[in-house]
Amino acid sequence: MRAIAIVAAGVFRDSIRERIAYGLVFFALLIMAASFLLAQLTAGQDVKIIKDLGLAASSVIGLFIAIFFGISLVTKEVERRSIYGLLSKPVTRSQFVIGKYLGLAVTLVINVAVMAAALYVVLAYFEWSTPGKAKEAWEAAAIDPALIKAFALIAVELLVITAVALFLSTFSSPFLSVALTVAVYIIGHFGDDLKHLDNIVESKALATVGRGVYYVMPNLARLDVKSAVVHAVPVSATHMFFSTLSALLYVAVLLTASTLVFARRDLK
Amino acid sequence: MGTSTRARAWIALVALALGAVGTQVALEGRVVTPAVSATVPWVQSPTLMRRLTLGFNTIWADVYWIRAVQYFGGTRLAKGTQKSYELLYPLLDVTTTLDPRFNIAYRLGAILLSEGSSTGAGNTGQAITLLEKGMREMPDKWQYPLDAGFIVYWWGRDPAAAAQWFLKAESRPGAPNWIRPVAATMLTQGGERASARAMWYELATSGEHEWLRRAGRRGLMQVDAEAQIDVLQAIVREFRARAGRFPTSWNDVVAAGLLRQVPADPSGVEYGVDPMSGTVDVSVSSPLYPLRQKGSGR
């Protein structure tokens, strides 16, 4: 357990050294700039759009970090040959993989939390500066606690994507890993289309394959409650719990598969 | 890399940068990229756009909404009298497909679509289609059938159809209790201006957004202008009976003692009078222009 924690702490330190914080600064600047511009352009939909923008930006920035850092977790150590030094210490390959994953997972969760806090600060400004009558047009309060649900599920989605990226990077090239992770992300958001492929194609076999892929791949669309939260549509605790549980099961499967593949990998 | 090589590289870099910028400046206004249309929406198929957004549909809906608002404003402010708002509905359609709960896109979008030509698209059919889409997405919203009734009544001049929409609105949960009496008035006294006044007043005072309230205030002024025009039309007829011709301007009517001063509409802009037909109307430069046409609308 201690070995995993040491590896994870190393990843966290690396992520700070690799200037992941630049993404946060970009996010903060984007949200602040948008908040000044949007009031003029959006016919009074500024708060809705700030929320949409904040949630979308945190998701995209997190996605980039999850994919690119997720893939480099193992490949960089192998390419630099620094993995030999690490594995010569009392760290098993499984501990190495899990530690790497947890390190990036903590980084991502902290990133999302900071972005959520930055968004709340901007929204607090809108809450304070908007006259009472204009607030009636808002579907939900500017400082809406329900936004945390959307941020939480964004974080869960990023954990899944990181696990996918890590798993793919244990056996394929970085380029292919990026392409395949992006493919998994896209398929994960096409869940409904895959499930109802029989409405589009005539081939029964293809429809069955589509339905099969739907059930096998992680359903990332279920983790997307951004729209619901912004429109004050309730997101139940049951939805939160089961969506998270299902996603974490995928993470567990992918991490197990990663350790198995990496254990058999010839590092010479 | 040696010092002299590096210096040459820097000189080359500066020279190339100056050349690139200089070429840009020289070409400015001389070589114009042929544009298909500056305002074509990037993707016009709502279904395709929804698939392309990969979970980021609401932020893209916001982008399309901003484009719709900019498109409407740009067209409205453009010079010339022949204004086409043909892309307004596709933009709103994509917006509401990407974010089916985008309330203001339905409500304000319907107003922009239905307003008379030159200040709006003047297409009540598209306005109703947009609101019907909203009703399918959010069946409990009483505002959408109310808006549809409003549009049918005001621009379509069809009180019976409007009353049916109002009754639909009234049956939705949370609908205010003033809707039923207004619908009843319409059914019994079809075309009664008081009904229009009541509806515009509700929008002006209770609309959930300033844009809607502004539309309500403008509607109220248009109702007042219609009433004033009826009075002025009678005065012009009186002038013709006395002078044997229509007045060439309001000064003729004032000089004849039929008016004390040149009449202005509720926005403060002088009314127009056609010397050939004697028709009184709001001026094209008035913010109230155009008033709904007599007879049925589109």
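**One helix, then the chains**

I began with helix α10 of chain B, residues 193–206: its 14 residues should span 20 Å at 1.5 Å a residue, and its end C-alpha atoms are 20 Å apart, so the two agree. The expected span is 1.5 Å times one less than the number of residues. Helices here are DSSP runs (H or I, at least four residues) and strands are runs of E (at least two), numbered from the N terminus.

Before going on, I noted that this is a predicted model, where local features need pLDDT of at least 70, side-chain atom pairs count only at pLDDT 80 or more, and totals for chains, interfaces and linings use all residues. Residues are numbered from 1 along each chain as its sequence is written, with chains lettered from A and ligands numbered from 1 in the order in which they are written.

Next I checked burial, counting other C-beta atoms, placed from the backbone, within 10 Å of a residue's own (buried: 20 or more; exposed: 12 or fewer; partly exposed in between). In α10(B), I found B:Ser195, B:Ala196, B:Met199, B:Trp200 and B:Leu203 buried. They cover an arc of only 125° around the axis (taken from the directions from the axis to the C-beta atoms), which puts them on the same side of α10(B). On the other side, B:Ala194 and B:Thr205 are exposed.

Then I took in chain B as a whole. I counted 12 helices and 2 strands, and 37% of its 298 residues are buried.

Last, I looked at where the chains meet: 21 residues of chain A contact 20 of chain B, with contact meaning C-beta atoms, placed from the backbone, within 7 Å. The largest share of chain A's side, 4 residues, comes from α3(A).

Definitions and conventions: Two residues are in contact if their C-beta atoms, placed from the backbone, lie within 7 Å.
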